[in-house]
Amino acid sequence: MLDKESSIFFTDRETLESYSLSNQFAEHLEFILVKDKNTVKPEDMYYSLSMSVRDRLVRKWLRTQHVHKTNDVKRVYYLSLEFLVGRLLSNALINMNYYDECREILKKDKVILEDIIEEEHDMALGNGGLGRLAACYLDSMATLELPAYGYGIRYEYGIFRQEIENGNQMEQPDNWLSYGNPWEIFRRDLSYKVKFFGTVHSYQDDTGKWHFDWVDTEDVLAVAYDVPVPGYDNNTVNNLRLWQAKATQEFSFKDFNSGNYLAAVENKNLSENISKVLYPNDTYTEGKYLRLKQQYFFVSASLQDIIRKFQINHRDYKFFAEKTAIQLNDTHPVIAIPELMRILMDQEKLGWDEAWKITVNTFAYTNHTVVPEALEEWPVDLMDELLPRHLQIIYEINQRFLDELRLNYNFDDATISKLSLIREGSEKKIRMANLAIIGSHAVNGVAALHTQILKDHIFPHFYKFCPEKFVNVTNGITPRRWLKAANPFLANMITDRIGDKWVKNLADLKKLEKAVKDSAFLENWRGVKWSNKLQLIDYIQKEHYVIINPESIFDVQVKRFHEYKRQLLNVLHVITLYNRIKDNPDAEFVPRTVIFAGKAAPAYHMAKLIIKLINCVAEIINNDPDVGDKLKLVFLKNYSVSLAEKIIPASDLSEQISTAGLEASGTGNMKFALNGALTIGTMDGANIEIREEVGDDNIFIFGLLADEVIKLKASGYNPREYYEGNQSLKRVIDMISNNYFNRLEPGIFKPIVDNLLNTDYYCLFADYPSYINTQDQVSATYLRKDEWTTKSILNVARIGKFSSDRSISEYAKHIWNVKPIKIQID
């Protein structure tokens, strides 16, 4: 179909390239959107331009899939419950080299391209670093020309749109699809039935072999929406396939005609709730059901689709693992392991041993956390009701595994209990991380320290049992999104100096080191940062009505809110600075603007209370005449990829201050360093490797080490001793306790104070003195402009290791065993 000699396609138009992008843009406006110059709005221009660019993508998209199929290549399937892809138009324009052409098209009508890009709503398919990492990896897989698919859920409302009312986080639906999505293709011919509930009917045939039928199920349809993922400067366009839940029965005429109008659509609504919202509140039983439903829903549909593609060229499943690599992005998709076993045994009639060998050789698992509550566990009773056949398979996996341990290894009962898939107790639970390790051929951490912690502390017995499975792949970020698109001023300055090879080979930034001796280059570097700060100041003034001093240090902490990330420690420093100003208003002070952004899970009350505290402290500080423009505190609501692209290029200081040993890697630290911000951080996650790359003199490290945290707690950590022994800290805590920042709502911050004084699980008090001293070093260094700028340049020059291209190359070589394939367009 795609060859020119035989194809019925593109005969009226030899290539899309011969039909100008300008003409396509005009035709989409007139014939698709039915708009003319008198009625067109900016959102119409965005939609038309996106459709025009997508048209250019489609031929490469089709060719990519055709080449992968006809060459029978091994494919990578990346299963993730989150994909934070951000705005697609700017990314596509950069990767396809259409940016300048589109700017000129719009310029004719006195329209600014960047204003049109701002019309795009972020695709609400994720919450934090997990989803953004997945998006970076999709970009790198396409840029490296790897045959790859992403699979996820097409959430109708995402996680939520964050509003701030009286300082409190309020969750509103993020109706990102209200105006449609020009980038997606609805696959009308592609849907799969996903089963829930029911019973398992088992029987033996004449040979004595057992068979299992999962019957009397409640079924939901998974329908496919595809989003193109273009590589940079090549012809590869990979695919992100998102599943939406649809009812198998849309409408009950029986109920409707009997007057029961709500019941007529009840089943439809219940079925389609599966793809409504990311991460439903699972503190309630209904939320747990829905969350497990989501995980199995997208896993089942994805595996059915993967098997369909495999069967195009193969019928013998002995080739399945040779042609298929499935990466499980954290524990959310791990139910795929028993699901593949079910398909191979119950539907394809393979024996256990053969099915298990195929399953293990197919799957690989990425662990993203060492926080205990994030290692998912599902109640056995819930699994038994919702997925009864899968529970049987999990029990069988566990029994065979434990039998092997007892037979071949000298483990005591306590160790075997820790290795078991089932956590015993009043409520039995399935340990999904244990299942992932047993059912995968590779298990990777996402930073060197994180991987070592997995081996030494989280899964030490598994590491002793199967050390060959454990590998490290340090996270990375795509420079196309996080420098070339997000920071065009800096990207152009770098290209003017060293050329543009850095876009695909980030290590090429090393050449910038020679520029630190060039005073004119340093001055231009500061000019770029100044311009970016002015753009962010403009946004903050329009959206939050706070006037910011551009001379101030832009001190930024933007990430998901969690106690271990220690946004609260940052607040304690802000109050400390405030007290210094109040004590001596006329003293010299290095001005500072502290910027927070991020969402707290709706049921995470402590994280939401910290957001409230930030806003209450900001209300006092920002309106105190003694403070003026010396100190400002701002919480930017509804953090997203597109907002990050405004904040990160303008930042001077990157706050990466998690309790050592608890952050798996982080990627925000990499994005800030790539854009010239200096890091203040603990020896945690990828901070350690960033320090190794940029040098001790170009990063501000403070606080306890991971092993010191463990020793401190083992020795009986008493936070009250730190409180009583540090007058600056005591004053700050007493102000919070005595309602200084919340006079109209006395006592609301008591849970924060009580937690710090009595427990302080994340060691804020222990790290406070070191943190304050290091922040003082930051202020002193900022005054020495050339020194600060040199450090900034060296951070960018030495950050090349943290490209997602490097990460994906390591996955491809050491875990997936997949090769690139070049796509040629006639």
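Start by selecting Asn549, which sits in the loop that runs between α21 (519-544) and β17 (553-558). The model on screen is a predicted one. Asn549 has 13% relative accessibility, so it counts as buried, the cut-off being under 20%.

A polar atom of the Asn549 side chain lies 2.9 Å from the backbone nitrogen of Glu551. Next, show what surrounds Asn549 beyond its neighbours within four places in sequence: it is in contact with Ile537, Phe554, Pro591, Thr593 and Asp629.

Now move to Leu794, a residue of helix α32 (residues 785-797). Is Leu794 buried or exposed? Its relative accessibility is 11%, and therefore Leu794 counts as buried. With neighbours within four places in sequence set aside, Leu794 is in contact with Glu513, Val516 and Asn698. For a distance check, select Leu402 as well: 392 residues separate it from Leu794 along the chain, and the two C-alpha atoms are 52 Å apart.

The last stop is the cavities. How many cavities of 30 Å³ or more does a search of the whole structure find? There are 4. The largest cavity has a volume of about 190 Å³. To centre the view on the largest cavity, select Val85, Leu88, Asn91, Val229 and Arg481, which are the closest to its centre among the 17 residues that line it. Then colour α3 (88-95), α6 (129-143) and β8 (218-230), each of which contributes at least two residues to this lining. By residue class, the lining of the largest cavity comprises 12 nonpolar, 2 polar and 3 charged residues.

Conventions. Residues numbered from 1 in each chain as written. Predicted model: local features only at pLDDT ≥ 70, side-chain atom pairs only at ≥ 80, totals over all residues. Heavy atoms only, no water. Helix = DSSP H or I, 4+ residues; strand = E, 2+ residues; numbered from the N terminus. Buried < 20%, exposed > 50% of the residue type's maximum accessible area, 1.4 Å probe, protein only. Polar contact = N/O pair within 3.5 Å; in protein donor to acceptor, adjacent residues only side chain to side chain. Contact = heavy atoms within 4.5 Å. 1 Å grid on protein atoms, 1.4 Å probe; cavity = no way out; pocket = protein on both sides within 12 Å on 5 of 7 lines; lining within 4 Å. Points joined across faces, edges and corners; volume = space filled by probe spheres on them. Nonpolar A, V, L, I, M, F, W, Y, C, P; charged D, E, K, R; others polar.
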